[in-house]
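Hi,

Here is the structure I promised to pass on. Please open it first, then read my notes below.

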Amino acid sequence: MIRRIWIGYCVELTKAARRKFTYVGPAVVLASVVGLLLQHPIGHNARSDYGYIAFATSSTLDVAGLAILLVFVTAQVAGEFSSGAIRLTLVRPILRYEYLAAKTLLGMTYAVVLTLLTAVGAWTVAFAFGDILGVSFGGDMRHATGEMGLAYAYGVGLALLPQWASVAYAVFIATLVRGTGAAMGTAAGIWILVEMIKYRLKIAPFLFSSYLQAPWQPFTDMANGFTPQWMPMAWSCSVVSVGAFVLFFALAVLALYRRNLQA
Amino acid sequence: MIASIVACMTFGVVFTPQDIDGIRVSAPNPLTGNVRKLFLQTDLDADGQTDLIVAGEAIFQRDGVYYPDQRVRLPEIPSPCWVDAWNGTLYFRTQDRLRVFRWTSGVWQQLGDDPLSGAHESSSPCCGNEKQPVPYRYLYDLDGDGAPEAVFPGRDGLYVYALRNGRYAESALLAVYPSVRIDDTYGASLWPAAQRRLTPVDTWMGCQVAVEGLRVTSIERFSVSGGAVRFRTNRYTLDPAQGFAIDPDKTVSTESGLLPSYVEPLRLHSGDSLSFAGTRVDSLETSVPPSSVLTTSVSADGGTSVQTVRTPSFRVNGSFVDVNGDGRLDMITHTTGLYGGGVRETLVRFLSQTSVEHGISVYLQNAEATFPESPTFRKRLAIDLDQPPVYRSHHALAYYAGGLIDVTGDFNKDGWRDLVVRDRPNRLAIYLSAPQGFGESASAAIHIGPEEAFHIVDVNDDGLSDIVISWSGADERSHSRIYFARRDRP
């Protein structure tokens, strides 16, 4: 099973590498990272520019990065449904859930790539055009450079969990809706609808979408001279994201198994 | 009048409401959260119960209740005048006289009427067109002999009037003010010649003066380059044998280190060294949406070292309160949950969330006059804003102004300051505190109208803080309802 999933994953990687849209995502996130300098200017002024790094990273991944990730994943899955390519794929010795696992792994890989590109881009811009020093306020050194780097690394690791849950969500929607455009629209529409009502229904703490930027909050707080608080955010983010990932992947497998691919 | 006796909750504190018009307090001090009573408390009829002096009237307390038919007019005194109370005796200071009255056998008996020589030099008693005597504290028992001295700020210093042979007379003029300085903010142009002017030189002086027994302290603030400030403190000792004149041999001058511009002198502990503390609200313009940052700084060692805490929060009242009753002010910081979670999440929250997570952190001051790095205890609250923040509801604006949370009251007299939160537009929740922190759930709840404001003050002087709810009526007069705290069960 693992071998078949791995082979399927490698095939998906190859297919993704041939698509032009795959390269649009990294270009957009890098452009976003640079473009956010307009909102958060930096300079060589002996003041730390971690604020820019925090702002550029979280804003890029939560807005442009998220949109690209959803489009990429839904296009990967729904596109094969609408074109009928999935029927050819499943002729090969691969089970339906293995096929979905390979797709999901591809989406997770894409999320990692976007995140790492955003991180590298933000730090590079800050190094090139700003100052990377310790955070100090009122004459006191609050957070040293190493401490900031470590917090950022924790943020990268933690931020991948809700992004991977987003991948599973997109895969699930794509298995339900025929047609790439419809799948993208449905995924985005449901997302926006839930976002607008989640606080009124008081369900926000139980939705993975509430934690997409939360892992960057401690780093942002440290950049602003605040005392960071990882808990209970890290715990909630992990549990909710992993739970959502498992739920959406299971629902996607169930939906694909029940689906008549000949229709 | 007693509207009703309502037992709001049990668990050691019960609140009894009573409408008493005329109870007014000042706006809270942003640093300490304390309000200044704009009424007086004294036992006028010597029955062992504290009576009140409000807006031209005295209200007698009978069996723990301030009945409306127990109000009497104060003596007719030409306005404007200051009124102060001392051991059941009222002192009315007009522009040039000091009149003393006492309630005896159901009438006001005049005990004295003394001219205040030199009083025309002192500042005007009232700042507005008050027709009623304005409660103001100017009586101090400097020498501890039981008879108060009257101290008034004047142009050249503090005027001290002492009782001699049964009459008040000027005793000393305390020259405790710093010398005036030339205001150098006006520059003179030399060129072009047409713009040359003879600029009048402005001089000014500003200081804070504290009177504590025979010690008078004046504190002067200097701005230095880089936006920092420095404070010079002069401590004077009065000699009662010399008519309260300053003993020059005992005058001590000290100067603080460089401090942030927003700090001010504050007595954080009983030690001799002066303390400084302050808060500043900044806007993080680079965040989306621009968020508010509260910086709290404190120096408890005379300005040698400064401890600073930054939190995402709006302006709050009461950043330094003696939470545990040990005589040392403790530091309280606030954290709003309005901005956390990133750009998209913040925008969604502003558009749709009707409540906000609010955190309170208490840093207890230790015996070395320092504060711990991390809070001693925390409290998380959910505050209902009535509408999403984007609508800027009345309740949300009160939250931004720091008017929903108060940590200055001690309702059960256990020495620990209790927490009052207006967590809904129509509810005040009271959380009693203990060494482990504020209670998990509210111990009492009080109804409050949407247009009403609340303050914490001990109205009946029984040592238990009371809750004053005030509002403006249709007659545009200020009304107030007092929720008297009682420790016994209903």
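**Salt bridges in chain B**

B:Arg280 is partly exposed, at a relative accessible area of 35%. Bear in mind that this is a predicted model. The side chain of B:Arg280 forms a salt bridge with that of B:Asp282, at 3.1 Å from N to O. B:Asp282 is partly exposed too, with a relative accessible area of 25%.

B:Asp113 and B:Arg99 form another salt bridge, with 3.8 Å between the closest N and O atoms. B:Asp113 sits in strand β9 (residues 107-115) of chain B and B:Arg99 in strand β8 (residues 97-104) of chain B, so this bridge ties together parts 14 residues apart in sequence. Which of these two partners is buried? It is B:Arg99: buried means under 20% relative accessible area, and this residue is at 15%. B:Asp113 has 24% relative accessibility, so it counts as partly exposed.

Over all chains, the search of the whole structure gives 24 salt bridges. One of them joins the side chains of A:Arg4 and A:Glu98, at 2.7 Å from N to O. It links distant parts of the chain. A:Arg4 belongs to helix α1 (residues 2-18) of chain A, and A:Glu98 to helix α5 (residues 96-129) of chain A. The two residues are 94 residues apart. A:Arg4 is partly exposed, at 35%.

**Chain A overall**

Chain A has 9 helices and 2 strands. Along the sequence, the order is α-α-α-α-α-β-β-α-α-α-α. The C-alpha trace of chain A spans about 70 × 40 × 30 Å along its principal axes. Of the 263 residues in chain A, 52% are buried. Now take the contacts in chain A between residues at least 6 apart in sequence: 81% of them join residues at least 24 apart.

**Chain B overall**

Chain B comes to 2 helices and 39 strands. Its radius of gyration is 25 Å, close to the 23 Å from the globule rule for 490 residues, so chain B is also as compact as a globular protein of its length. The C-alpha trace of chain B covers about 75 × 70 × 50 Å along its principal axes. Buried residues account for 52% of the 490 residues in chain B. Among contacts in chain B with a separation of 6 or more, 48% are between residues 24 or more positions apart.

**A histidine to look at in chain B**

B:His334 is placed in strand β28 (residues 330-336) of chain B. Its relative accessible area is 1%, so B:His334 is buried. What does its side chain pair with? It makes a polar contact of 2.9 Å with the side chain of B:His358. Leaving out residues up to four places away in sequence, B:His334 touches B:Thr311, B:Pro312, B:Ser313, B:Val316, B:His358, B:Gly359, B:Ile360 and B:Ile405.

**Where the chains meet**

Chain B and chain A bury about 2200 Å² between them. Carbon and sulfur atoms carry 47% of that area. The contact takes 28 residues from chain B and 26 residues from chain A.

How many salt bridges are there between chain B and chain A? The count is 3. One salt bridge to inspect is A:Lys198 with B:Glu345, where the closest N and O atoms are 2.7 Å apart. Both residues belong to a network of salt bridges that links A:Asp62, A:Glu195, A:Lys198, B:Arg344 and B:Glu345. Between chain B and chain A there are also 9 residue pairs in polar contact, both residues at pLDDT 80 or more.

On the side of chain B that touches chain A, the elements giving two or more residues are β26 (307-312), α1 (343-352) and β30 (377-384) of chain B. Of these, α1(B) gives the most, with 7 residues. The residues on that side of chain B divide into 11 nonpolar, 10 polar and 7 charged.

Best wishes

Definitions and conventions: Residues numbered from 1 in each chain as written. Chains lettered and ligands numbered in written order. Heavy atoms only, no water. Salt bridge = Lys/Arg side-chain N within 4 Å of Asp/Glu carboxyl O. Helix = DSSP H or I, 4+ residues; strand = E, 2+ residues; numbered from the N terminus. Buried < 20%, exposed > 50% of the residue type's maximum accessible area, 1.4 Å probe, protein only. Contact = heavy atoms within 4.5 Å. Buried area = accessible area lost by both parts, 1.4 Å probe. Polar contact = N/O pair within 3.5 Å; in protein donor to acceptor, adjacent residues only side chain to side chain. Nonpolar A, V, L, I, M, F, W, Y, C, P; charged D, E, K, R; others polar. Rg over C-alpha atoms; globule rule 2.2 N^0.38 Å.
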